[in-house]
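Subject: Structure for you to look at

Hello,

Here is the structure I said I would pass on. Please open it first, then read my notes below.

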Amino acid sequence: YDGKVIIHKEESPGQWQQIYVYQEMSSSVNSIAWAPHEYDLCLACCSADGKVVVLSHNQNDTWSASLFPEFCPLGVNSVTWAPFGSPQGEGLPAKRLATASCDNMVRIWVLPEGEREWKIEDELKQHTDWVRDVAWAPSIGLPCNTLASCSEDGSVLIWSQDTVPGPWSCTVVTKMDAPVWSVSWSITGSVLAVSSGDSSVTLWKESLDRSWVEINNVNEDLNQPPVSEVADIHS
């Protein structure tokens with residue numbers, strides 16, 4: 001909540017040392033995300049004052065900050081990187097990331113190779129309240145870009161893009177009766193975990209007809225008695 005991003009380095013096993021502090025945010029830092037390692041050391045950060053910045057490590061062991069154009073003074077809640085090797089359009093390779101903000105939108109940002117300024121590539125409008133989280137699905141060789149987003153309005157959405165540049169299609173995973181705080185993909189991108197304001201964590205998977213089905217409710221599993229107790233009850 002002090003507006004700082006602090007980077008530490010493990011100098012020796014178990015011994016961490018502070019190596020850099022970025023303190024140009026004027027409000028709480030809501031989300032940070034390391035870039036794919038192929039981009040070297042790059043850290044994306046966003047804050048409640050609406051700022052988004054990418055911190056990059058330089059060869060001379062200094063850090064530089066690339067501040068995005070201001071686009072949402074209400075605040076930015078989440079940031080996520082596109083996987084290295086995700087589908088791109090013709091031309092120079094580009095870095096991409098997505099932001100979730102308090103103006104109810106998900107935005108796709110692009111930085112073509114050789115350029116210094118991040119630019120908005122797409123704005124995804126479907127949520128009707130603050131977008132709390134956005135997560136880019138891992139790249140598993142499929143020729144499409146896939147994002148998950150969740151909102152204060154209780155909705156969880158999947159965004160898909162088959163060609164770059166090209167339109168994003170939207171699929172509703174679920175509409176809950178409580179705000180949804182976070183979404184997270186499994187390492188293969190086949191299962192989506194969702195946490196919501198009713199204290200539940202659910203797992204979702206896409207079926208053959210492209211609809212999304214709940215495959216597990218973690219809370220229900222936690223409330224189940226241990227196997228030994230079940231055996232005692234039925235003995």
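W118 counts as buried because its relative accessibility is 4%; buried means under 20% relative accessible area, exposed over 50% and partly exposed in between, with a 1.4 Å probe and protein chains only. This is a predicted model, in which local features need pLDDT of at least 70 and side-chain atom pairs count only at pLDDT 80 or more, while totals for chains, interfaces and linings use all residues. Residues are numbered from 1 along each chain as its sequence is written, and side-chain values use heavy atoms, with hydrogens and water left out.

What does W118 pair with? The rings of W81 and W118 form an edge-to-face pair, with centres 5.8 Å apart and planes at 75°. (Rings of Phe, Tyr and Trp, the last by its six-membered ring, pair if their centres lie within 6.5 Å; planes under 30 degrees apart are stacked, over 60 edge-to-face, and the rest tilted.) W81 sits in strand β7 and W118 in the loop between β9 and β10 (119-125), 37 residues apart. Helices (H or I, at least four residues) and strands (E, at least two) are DSSP runs, numbered from the N terminus.

W81 is itself buried, at 7% relative accessible area. Y39 and W81 form a tilted pair, 6.3 Å centre to centre with 45° between the planes. Y39 is also buried, at 13% relative accessibility. Ring pairs join Y39, W81 and W118 with F68, F71, F84 and W109 in a cluster, and the whole structure has nine aromatic pairs.

The largest nonpolar core has 18 residues, of which V54, F68, W81, L97 and W118 touch the most other members. A nonpolar core is a set of buried Ala, Val, Leu, Ile, Met, Phe, Trp, Tyr and Cys residues joined through side-chain atoms within 4.5 Å. Strands β4 (42-47), β5 (52-57), β7 (76-81) and β9 (105-112) each give this core at least two residues. Another core lies apart from it, with 15 residues, including V156, W185, W204 and W212.

T174 belongs to strand β14 (residues 169-175) and is buried, at 14% relative accessibility. Neighbours within four places in sequence aside, T174 is in contact (heavy atoms within 4.5 Å) with G154, S155, V156 and W204.

As for the chain as a whole, two helices and 18 strands are present. Of its 235 residues, 43% are buried.

Regards
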